[in-house]
Amino acid sequence: MISRISNTTCSSEQAQYSVASSRSLGRSIESSQGPVDWPTRLHIAAKVAEGMAFMHATLRGDGINSTDNSISNSSDEAAAADGPIAHGNLKTSNILFTAGMDPCISEYGVTTGPHQLPVTGGAAALQADVRAFGVVLLELLTGKATVAQGDGAELARWVAAVIREEWTAEVFDRALLDGSNEQRMVRLLQVAMRCVDASPGAAPPTMREVSSMINAIREEDDRSISSEA
């Protein structure tokens, strides 16, 4: 299942199912051939955040194509359709690109169990999606891929340790360090760290809040580019 995120604002049309190329963000990062410049990485972050926010707020279990997911009409599955569906496995390898470099979120709301039920969107599941998105942001900013089968915790710990030592600039991929974008990069890093914060009692922001914060950074970036033109 692939959801194409193509517009600036979220609408029902953003949840179109589309065939994307086999190129994923994860593969691009691992091969060091990923999106290089800051505007492209910010674009990817904003679009994926918008897509996840739309999905969390709008899509429900009965909005998923039951034929594609081999979902029967049992009472358990009907109950799963009552609430929002968490992605359940958001990672850079599940973010694919169109030819125009628009990101598409794949494997949304699908599990690998015998009945392939959607991941019901309780608070814990939705918060897990937010934390996973925070790891995606860290990979975009650092240019470092998470370890195979890892949940990004190691990368998050490394970034937190570097920040504690006040060496924040050392976190960023060197391809991003041209000086003009560093303040906005730091702001995006702060968003990422809010998402992955595992402190006892700490609740991550919602995807809607995350999307709003990233769009504010993007709007500021656009104004900066316009003023320099």
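Let me begin with Val-210, which is found in helix α7; helices here are DSSP runs of H or I with at least four residues, strands are runs of E with at least two, and both are numbered from the N terminus. This is a predicted model, in which local features need pLDDT of at least 70 and side-chain atom pairs count only at pLDDT 80 or more, while totals for chains, interfaces and linings use all residues. Residues are numbered from 1 along each chain as its sequence is written, and side-chain values use heavy atoms, with hydrogens and water left out.

Val-210 has a relative accessible area of 0% and therefore counts as buried, the term meaning under 20% relative accessible area, with exposed meaning over 50% and partly exposed in between, for a 1.4 Å probe and protein chains only. Setting aside residues up to four places away in sequence, Val-210 touches Val-130, Phe-133, Val-191, Cys-195 and Pro-205, where contact means heavy atoms within 4.5 Å. Val-210 and Ala-49 are 161 residues apart in sequence, and yet their C-alpha atoms are 6.8 Å apart in space.

Let me step back to the whole chain. The protein has seven helices and six strands, and along the sequence these follow the pattern β-β-α-α-α-β-β-β-β-α-α-α-α. Of its 229 residues, 45% are buried, and among contacts with a separation of 6 or more, 70% are between residues 24 or more positions apart. The accessible surface comes to about 11500 Å², with 48% of it belonging to carbon and sulfur atoms; these areas come from the Shrake-Rupley method with a 1.4 Å probe, and for residues only the protein chains shown count as cover.

Which residues touch the most other members of the largest nonpolar core? They are Phe-133, Leu-138 and Ile-214, in a core of 49 residues, a nonpolar core being a set of buried Ala, Val, Leu, Ile, Met, Phe, Trp, Tyr and Cys residues joined through side-chain atoms within 4.5 Å. The elements giving two or more residues to this core are α1 (25-30), α2 (38-58), β4 (95-97), α4 (123-142), α5 (153-164), α6 (182-196) and α7 (207-228), and the largest share, eleven residues, comes from α2. As general background, nonpolar side chains in soluble globular proteins tend to be buried together. Phe-133, once neighbours within four places in sequence are left aside, is in contact with Ala-45, Val-48, Ala-49, Leu-90, Cys-195, Met-207, Val-210 and Ile-214.

Now to one helix pair. The axes of α4 and α6 are 7 Å apart, and the two helices pack at an angle of about 150 degrees; axes are lines fitted to C-alpha atoms, for helices over the stretch in contact, and angles run from 0 to 180 degrees between N-to-C directions. From α4 the contact is made by residues including Phe-133 and Leu-138, and from α6 by residues including Val-191 and Cys-195. The residues of this contact divide into 14 nonpolar, one polar and one charged, where Ala, Val, Leu, Ile, Met, Phe, Trp, Tyr, Cys and Pro count as nonpolar, Asp, Glu, Lys and Arg as charged, and the others, Gly among them, as polar.

Also in helix α6 is Arg-194, which is partly exposed, with a relative accessible area of 46%. Apart from neighbours within four places in sequence, Arg-194 is in contact with Pro-204, Pro-205 and Met-213, and its C-alpha atom is separated by 8.5 Å from that of Arg-131, 63 residues away along the chain.

Asp-221 and Pro-39 are 182 residues apart in sequence and 8.1 Å apart in space, C-alpha to C-alpha.

Finally, the loop between α5 and α6. Val-171 is found there and is buried, with a relative accessible area of 1%; beyond residues up to four places away in sequence, Val-171 touches Leu-141, Thr-142, Trp-158, Val-159, Val-162 and Leu-189. Glu-166 lies in this loop too, but at 71% relative accessibility Glu-166 counts as exposed. Most residues other than glycine have a negative phi, whereas Glu-166, which is not a glycine, has a positive phi of about 60 degrees.
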